[in-house]
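Work through the following exercises with the model open beside you, and try each task before reading its solution.

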Amino acid sequence: MSESDEGRGSTGLDDAPPAQRREGDRKSQAVRRAIRSELETDASEQAGRPEERPGQPKPVIALSDVSLSFDVPILEDVSFTAHEGETIAVVGESGTGKSTILKLILRLLVPDHGMVCIDDEDITDLSFEEALKVRQKMGMVFQGAALFDSMTVFENVAYPLREHTHMSEDEIEQRVREKLEFVDLDADRVMEQMPAELSGGMRKRVGIARGMANNPEIMLYDEPTSGLDPLTTGTITRLIRKLQKELGVTSIVVSHDMRSVSRMASKIALLHERHIVFFGEPEEMFASEDPYIREFLGG
Amino acid sequence: MGVRSTPTVNVVPGFGTGLAPPVATGVLDRVYITNLKSTPTNSPRLTQPQRLPTRNRDVPPLRIERSKPGILTRLNDSAKSRVLSIQDYFVLAGKALRFIFARPFYAQDTVQQMDEIGVKSLGIVLLTGLFTGMVLALQSSVQLKTFGATIYIGRLVSASMIRELGPVLAGLMVAGRVGSGIAAQLGSMRVTEQIDALNTLGTDPIKKLVTPRVLAALIMLPILTVINDLVGIIGGNVIAKFIVDIPSSLYWRTVWEQIAADGFILRYVPSDFIQGLSKPFVFGGIISITACYFGLATTGGTEGVGLSTTRTVVTSSILILVVDYFLTQLLLSLLSA
């Protein structure tokens with residue numbers, strides 16, 4: 001932890017491309033270099049690794065030894081499995097590649113090594129068109145909801161239905177109402193509104209309604225509670241649990257809101273420095289004596 | 001996350017279509033990758049040394065040691081990224097054009113875009129056409145007067161409008177009005193993750209967003225140009241009649257003489273019309289594809305959207321003028337043959 005370790009850090013992050021080399025970055029790089037050398041001196045055994053336990057429900061999402069790097073490595077040997085009906089929370093500091101995992105599952109990105117399997121099908125080698133098909137099994141809720149702002153709430157929720165089903169207009173309207181009511185929105189009031197007229201929490205709920213419109217078997221949430229007040233955070237957390245309980249969907253939640261994570265996750269994966277350093281049940285994590293985990297939970 | 005992160009696809013050497021790992025499934029996916037790329041290096045996490053983590057998975061992996069890139073490397077990188085972005089541009093253009101003939105068709109989006117690009121640009125096109133025609137007539141009357149040849153105003157105005165000014169001015173006006181609009185719209189859709197949402201919902205964003213815009217521009221630009229030409233010639237007529245004192249019948253006769261002078265293609269189509277209508281078709285493609293390209297390549301939040309808009313207008317205006325020259329040369333040699 002001494003300052004003198006800093007000199008060794010020449011293998012640090014300074015191989016970033018010139019375009020990304022910036023003044024402000026240099027300071028934080030020095031800090032990170034110090035951290036890296038610190039880690040090198042204290043390379044102890046790994047906290048947790050994903051494991052396949054026999055006798056459990058079928059695996060729905062499986063990442064095995066996934067590595068991904070652009071100019072700098074982002075993920076290395078990341079593996080975990082989400083079984084049917086489970087909710088896995090991926091937590092970690094900002095910029096550790098949490099959202100990247102969602103993009104890998106959606107096959108918006110392809111790993112350099114390793115496999116991403118959805119329902120026992122390896123999706124890494126699929127073509128763009130095939131990937132579009134696999135994505136229909138999934139519903140994604142974006143951090144900022146990402147509602148199409150040129151469409152009304154109704155059209156937003158109806159979008160996946162119009163794109164991929166041959167439902168009649170009546171059926172679509174019925175389904176949209178059902179989904180909006182599921183997320184505790186007054187369908188008659190919001191259906192004709194534009195996304196810009198809604199509050200942050202409402203937009204997020206419409207986002208969830210759109211994500212589940214197609215009755216997907218997998219739901220992915222990117223920071224579902226960030227930027228919301230505590231009450232709305234509670235509502236969204238309850239909603240995710242309701243989805244998981246009533247519809248039995250398998251979910252991956254990327255978040256750093258430990259409070260809400262602890263209330264909805266069946267397992268937690270902690271990402272740190274490109275690796276999953278902990279994978280297990282929330283209670284296990286909260287009981288852990290590991291200094292980094294304690295640090296993370298305390299911070 | 002840098003607000004100042006480089007706002008183009010350019011930063012991804014190695015992700016061009018040909019060189020890419022299996023990732024490359026389209027311009028959008030590459031753009032996607034670019035967005036992510038800037039994240040890890042730019043985010044200053046763990047800024048306080050006392051919060052050092054003391055445990056890690058195992059020994060950190062070996063990293064390739066690289067010294068600071070020299071000027072040659074940097075030049076090489078920037079040249080490469082430029083070539084790659086040009087390649088991306090053409091990949092996008094190719095896809096957008098191919099999807100015109102592939103299901104599903106987004107007819108409603110196309111009609112909406114035709115309204116946006118064509119009908120709503122009518123006002124500015126009418127104004128530019130009218131005043132350009134008027135000023136052309138005025139200027140040429142001064143010049144022609146010295147030779148006592150003011151009766152040729154009609155010839156001059158119609159030749160300039162139909163061959164050059166009509167298509168180019170309509171193109172430039174639409175680039176400013178529509179190109180910036182498209183870039184801003186797609187750019188904000190990208191930074192608010194709406195493009196990712198489309199991808200996630202199983203829609204190809206190029207098919208849904210780019211193709212309707214390109215198709216609409218290809219259809220509407222020639223129509224706008226015809227209107228521009230016509231209004232310009234009428235503007236010339238007004239000046240010829242009221243300021244230079246040339247009767248309308250004479251003016252229109254000289255206009256027709258000019259149109260007929262260069263001969264006809266397929267017996268009925270004046271060759272001037274071929275020039276005047278093939279240009280806006282090409283310009284329509286340039287405007288819409290440039291705008292979509294910069295819009296989709298937007299990174300860096302709202303600031304990035306502003307940058308994309310500026311780039312779109314500048315690039316498409318320059319492209320229009322440059323392409324106009326070469327197209328004219330090509331058409332002249334083709335038509336005279």
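**Exercise 1.** In this predicted model, determine the strand order of the open four-stranded sheet in chain A, and work out which strands stand at its edges.

*Solution.* The order is β2-β1-β4-β5 of chain A, and the pairing is antiparallel. Reading that order from its ends, β2 (73-83) and β5 (121-122) of chain A each have a single partner strand, so one side of each lacks a neighbour in the sheet. Turning to β1 (residues 59-69) and β4 (residues 113-118) of chain A, these strands pair in the antiparallel sense over five bridges, and A:Ser67 has A:His113 in β4(A) as its bridge partner. Helix α2 (residues 98-105) of chain A packs on the sheet, where it touches β1, β2 and β4 of chain A, and its direction makes about 120 degrees with that of β1(A).

**Exercise 2.** Identify the residues that touch the most other members of the largest nonpolar core, and list the contacts of A:Leu220 beyond its sequence neighbours.

*Solution.* The core holds 138 residues, of which A:Leu220, A:Ile252 and A:Leu270 touch the most other members. Helix α5 (residues 153-191) of chain B supplies the largest share of this core, 16 residues. Setting aside neighbours within four places in sequence, A:Leu220 is in contact with A:Leu102, A:Ile105, A:Leu106, A:Met138, A:Met140, A:Val141 and A:Ile252.

**Exercise 3.** Decide whether B:Leu331 is buried, exposed or partly exposed.

*Solution.* B:Leu331 is found in helix α10 (residues 301-336) of chain B. Burial needs 20 or more neighbours and exposure 12 or fewer; B:Leu331 has 17 C-beta neighbours inside 10 Å, and therefore counts as partly exposed. Leaving aside neighbours within four places in sequence, B:Leu331 is in contact with B:Gln275 and B:Ser278.

Methods. Residues are numbered from 1 along each chain as its sequence is written. Chains are lettered from A and ligands numbered from 1 in the order in which they are written. This is a predicted model: local features need pLDDT of at least 70, side-chain atom pairs count only at pLDDT 80 or more; totals for chains, interfaces and linings use all residues. Two strands pair if DSSP finds at least two bridges between them. Helices (H or I, at least four residues) and strands (E, at least two) are DSSP runs, numbered from the N terminus. Two residues are in contact if their C-beta atoms, placed from the backbone, lie within 7 Å. Axes are lines fitted to C-alpha atoms, for helices over the stretch in contact, and angles run from 0 to 180 degrees between N-to-C directions. A nonpolar core is a set of buried Ala, Val, Leu, Ile, Met, Phe, Trp, Tyr and Cys residues joined through C-beta atoms within 7 Å.
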